Amino acid sequence: MDDQTRIELEAAAFRRLRQHLMQDRPDVQNIDLMNLAGFCRNCLSRWYEEAATERGLEMSKSEAREIFYGMPYDEWRAQNQTEASPDKQAAFEKSFAENVTDKK
């Protein structure tokens with residue numbers, strides 16, 4: 001497989017993942033994704049921002065989130081996010097430390 005085809009397939013898979021998380025399953029909470037998989041929608045938007053930065057494009061965290069979420073992040077949260085239990089919040093702190101904080 002040539003590099004251009006590989007890039008196109010990877011981009012298509014990313015777009016499908018985004019569609020699944022944003023349109024097909026907005027009910028799945030970010031905290032649950034982080035606790036189970038070690039990443040969430042916010043991680044994907046951060047990786048988008050990092051990829052832009054690596055290519056010399058200026059992009060803020062909020063701009064990357066709006067691109068990924070398709071709307072301002074606070075708007076998406078108000079529409080889709082629910083309050084997490086103390087157990088989920090504790091698990092999130094551990095997962096975030098292991099998968100995000102220690103990786104920077």
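Trainee: How many helices and how many strands does the protein chain have?

Mentor: This is a predicted model, in which local features need pLDDT of at least 70, side-chain atom pairs count only at pLDDT 80 or more, and totals for chains, interfaces and linings use all residues. Residues are numbered from 1 along each chain as its sequence is written, and side-chain values use heavy atoms, with hydrogens and water left out. Helices (H or I, at least four residues) and strands (E, at least two) are DSSP runs, numbered from the N terminus. From the N terminus on, the elements run α-α-α-α-α-α, and the count for the protein chain is six helices and zero strands.

Trainee: What percentage of the residues in the protein chain is buried?

Mentor: Buried means under 20% relative accessible area, exposed over 50%, and partly exposed in between (1.4 Å probe, protein chains only). The protein chain has 104 residues, and the buried share of them is 28%.

Trainee: Which residues of helix H4 are buried, and why do they line one face of the helix?

Mentor: Helix H4 covers residues 61-69, and its buried residues are Ala-64, Arg-65, Phe-68 and Tyr-69. Seen down the axis of H4, they fall within an arc of 120 degrees, so they line one face of the helix. The arc is that of the directions from the helix axis to the C-beta atoms. The buried residues asked for are therefore Ala-64, Arg-65, Phe-68 and Tyr-69, held within an arc of 120 degrees.

Trainee: Against which helices do the buried residues of H4 pack?

Mentor: Contact means heavy atoms within 4.5 Å. By that criterion, the partners of the buried residues of H4 are helix H1 (3-24), helix H2 (30-37), helix H3 (41-54) and helix H5 (73-80).

Trainee: At what angle do H1 and H4 pack?

Mentor: Axes are lines fitted to C-alpha atoms, for helices over the stretch in contact, and angles run from 0 to 180 degrees between N-to-C directions. The axes of H1 and H4 are 10 Å apart, and the packing angle is about 85 degrees. That makes H1 roughly perpendicular to H4, a class that takes angles of 65 to 115 degrees.

Trainee: Which residues of H1 meet H4?

Mentor: On the H4 side, the residues are Ile-67, Phe-68 and Tyr-69. Those of H1 that meet them are Phe-14, Arg-18 and Met-22.

Trainee: Which residues of H5 are buried, and which exposed residues does the face turned away from them carry?

Mentor: The buried residues of H5 are Tyr-73, Trp-76 and Asn-80. They cover an arc of only 60 degrees around the axis, which puts them on the same side of H5. Their cover includes H1, H2, H3 and H4. The face turned away from the buried side carries the exposed residues Asp-74, Ala-78 and Gln-79.

Trainee: Which residues does Asn-80 touch, not counting residues up to four places away in sequence?

Mentor: Asn-80 lies in helix H5 and is buried, with a relative accessible area of 19%. With residues up to four places away in sequence left out, Asn-80 touches Pro-26 and Gln-29.

Trainee: How far apart in space are Asn-35 and Glu-93, C-alpha to C-alpha?

Mentor: Asn-35 is found in helix H2 and is partly exposed, with a relative accessible area of 24%. In sequence, Asn-35 and Glu-93 are 58 residues apart, whereas in space, C-alpha to C-alpha, the distance is 8.9 Å.

Technical notes. Parallel < 35°, antiparallel > 145°, perpendicular 65-115°, else oblique.
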